[in-house]
Amino acid sequence: MARVREQFAPEIAAKEKTVIPGDDIDIDFTSSTIHWRGEKFTFPALGSVPQSLVIAGGVENLVATRLSVT
């Protein structure tokens, strides 16, 4: 997070959204790594609830799936 704070300090200070069009971010949930601008960052493994959201493709899909199963 320190790297992101450094990179976007003016936007964070101004409380602006930091939407960065054109940047590619690769997130590997299996190895808990993020690749951004040639750098690699790690994060803790996700718990079961966030994992189910990722697998479903978002909360809307998860809710729709659960509602259709009766």
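The model is a predicted one, in which local features need pLDDT of at least 70, side-chain atom pairs count only at pLDDT 80 or more, and totals for chains, interfaces and linings use all residues. Residues are numbered from 1 along each chain as its sequence is written, and side-chain values use heavy atoms, leaving out hydrogens and water.

**Stop 1**

Side chains of opposite charge can pair when their charged atoms come close. Here, a salt bridge is a side-chain nitrogen of Lys or Arg within 4 Å of a carboxyl oxygen of Asp or Glu. How many salt bridges are there by this rule? The count is three.

Begin by selecting arginine 3 and glutamate 6, whose side chains form a salt bridge with an N to O distance of 3.6 Å. Both residues sit in helix α1 (residues 2–7), three residues apart, so about one helical turn separates them. Helices (H or I, at least four residues) and strands (E, at least two) are DSSP runs, numbered from the N terminus.

Is glutamate 6 buried or exposed? Glutamate 6 is exposed, at a relative accessible area of 55%, while arginine 3 is partly exposed at 28%. The words have set limits: buried means under 20% relative accessible area, exposed over 50%, and partly exposed in between (1.4 Å probe, protein chains only).

Glutamate 39 is partly exposed, with 26% relative accessibility. Show Arg3, Glu6 and Glu39 together and you have a network of salt bridges.

**Stop 2: aspartate 23 and arginine 37**

Next, select aspartate 23 and arginine 37. They form a salt bridge, with 2.8 Å between the closest N and O atoms. Aspartate 23 is in the loop between α2 (9–13) and β1 (25–28), and arginine 37 is in the loop between β2 (33–36) and β3, so the pair ties together parts that are 14 residues apart in sequence. Aspartate 23 is partly exposed at 27% relative accessibility, and arginine 37 is partly exposed at 39%.

Stay on arginine 37 and look at its backbone: phi is positive, about 50 degrees, although the residue is not a glycine. Which residues does arginine 37 touch, not counting those up to four places away in sequence? They are Gln7, Phe8, Ile20 and Asp23, where contact means heavy atoms within 4.5 Å. To try the distance tool, pick the C-alpha atoms of arginine 37 and aspartate 26, which are 9.9 Å apart in space and eleven residues apart in sequence.

**Stop 3: serine 32**

Finally, move to serine 32, in the loop between β1 and β2. Serine 32 has a phi near 55 degrees, a positive value in a residue other than glycine. Serine 32 counts as buried, at 10% relative accessibility. Leaving aside neighbours within four places in sequence, serine 32 is in contact with Phe41, Thr42, Phe43, Pro44 and Ala45.
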